[in-house]
Amino acid sequence: MTKIIQISDPHIVIKGELAYGQVDTCTALKKCVDKIKRILPEIGPIDMIIVTGDLTDFGKKEEYSLFREIVEEVGIPYRAIPGNHDNKLTMQKAFADKDWMPINGPINWELDFYDLKLIALDTSITGMAHGNLESISLDFLRASLSTANGRPVLVATHHPPIITGLEKMDIQNLRDSAGLKEILSAHTGELKLICGHVHRNIVGQFGNKLCQIAPGVSHAVTMDLRIDAPNCLTKEPGSFLLHEIRDGILSHQILVDNYDGPFMFYPDSK
Ligand SMILES: [Fe+2]
Ligand SMILES: [Fe+2]
């Protein structure tokens, strides 16, 4: 039974700095790594960690080095796709030793497990906050889906194509997503789209498939559905998702922070 951890939007900045001058994102990612290591006996083994974009805040070489230093401490294979805060060329160089990183072009990749197919698509556009999928990426998706052979499929992107009601994020979502919707909806097997970017756990419908946006591992975009809501972040507890195959794809949210428990419901019983 394949198990995939999805970490999203770590926004790593260089040592000693805070993202937006306010958030200690390095400590948040370290806490996430510690949490994964601590709960592995209960949830593992984990086959792969996927990081759905915004690995760094500014796409700097030093930020990628620090990201690797922190995330590789977990000892589980990982792969990543870029977000709008990443720099595609710098990211390609930073992970040039990884066999999943293309030498050039969009950072798309696919991975086959016996009971799951994982397809990751690069929605980043250099210099822009919103996302788009190049035709080469849609072709990559079509070809990858044709090899699913009845297995459930997870398709990962940074930008979600759905509208969330969080206005400041919706204006920078995945634009021109009709082609993606057509391809995903035409796929007859089980398929779930998993995204990042919004820093909140949100599930919605995209065509005839489910789309889940992962929570941020560090800060969140503030839950404010008003029109003209201020563009705010909130230091809510960070979390990540665990996608696993049972009867089909099942997704759990796991908080990074520590909390009391577990406690026996009935301590006197065995
Ligand atoms: Fe982000
Ligand atoms: Fe983003």
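In this predicted model, an open sheet is formed by six strands in the order β4-β5-β6-β7-β9-β8, with mixed pairing. Strands are DSSP runs (E, at least two residues), as are helices (H or I, at least four residues), both numbered from the N terminus; two strands are taken to pair if DSSP finds at least two bridges between them. The edges of the sheet are β4 (109-113) and β8 (202-206), each of which pairs on one side only. On average, neighbouring strands of this sheet are turned by 20° against each other, direction ignored. Residues are numbered from 1 along each chain as its sequence is written, and chains are lettered from A and ligands numbered from 1 in the order in which they are written. Because the model is predicted, local features need pLDDT of at least 70 and side-chain atom pairs count only at pLDDT 80 or more, whereas totals for chains, interfaces and linings use all residues; side-chain values use heavy atoms, with hydrogens and water left out.

Within the sheet, strand β7 (residues 191-195) pairs with β9 in the parallel sense over four bridges. Isoleucine 194 has glutamine 212 as its bridge partner in β9. Helix α6 (residues 178-186) packs on the sheet and touches β6, β7, β8 and β9, its direction making about 85° with that of β8. Helix α4 (residues 135-145) lies across β4, β5 (116-120), β6 (153-156) and β7, and runs at about 175° to β5. Such angles run from 0 to 180 degrees between N-to-C directions, the axes being lines fitted to C-alpha atoms, for helices over the stretch in contact; contact denotes heavy atoms within 4.5 Å.

The structure holds seven aromatic pairs. Rings of Phe, Tyr and Trp (its six-membered ring) pair if their centres lie within 6.5 Å; planes under 30 degrees apart count as stacked, over 60 as edge-to-face and the rest as tilted. The rings of phenylalanine 67 and phenylalanine 95 are edge-to-face, because their planes stand at 75°, with centres 6.2 Å apart. Phenylalanine 67 belongs to helix α2 (residues 61-71) and phenylalanine 95 to the loop between α3 (88-94) and β4, so this pair ties together parts 28 residues apart in sequence. Phenylalanine 67 is buried at 0% relative accessible area, and phenylalanine 95 is buried at 0%, where buried means under 20%, exposed over 50% and partly exposed in between (1.4 Å probe, protein chains only). Tyrosine 78 and phenylalanine 95 are likewise edge-to-face, with ring centres 6.3 Å apart and planes at 75°. Ring pairs link Tyr64, Phe67, Tyr78, Phe95, Trp100 and Trp109 into a cluster.

Lysine 88 is located in helix α3 and counts as buried at 14% relative accessibility. Its side chain makes a polar contact of 3.1 Å with that of aspartate 122. A polar contact is a pair of N or O atoms within 3.5 Å; within protein, one must be able to donate a hydrogen and the other to accept it, and residues adjacent in sequence count only if both atoms are side-chain atoms. The lysine 88 side chain also reaches the backbone oxygen of serine 124 at 3.3 Å.

Histidine 219 is found in the loop between β9 (209-213) and β10 (220-221) and is buried, with a relative accessible area of 4%. The side chains of histidine 219 and serine 218 are joined by a polar contact of 3.2 Å.
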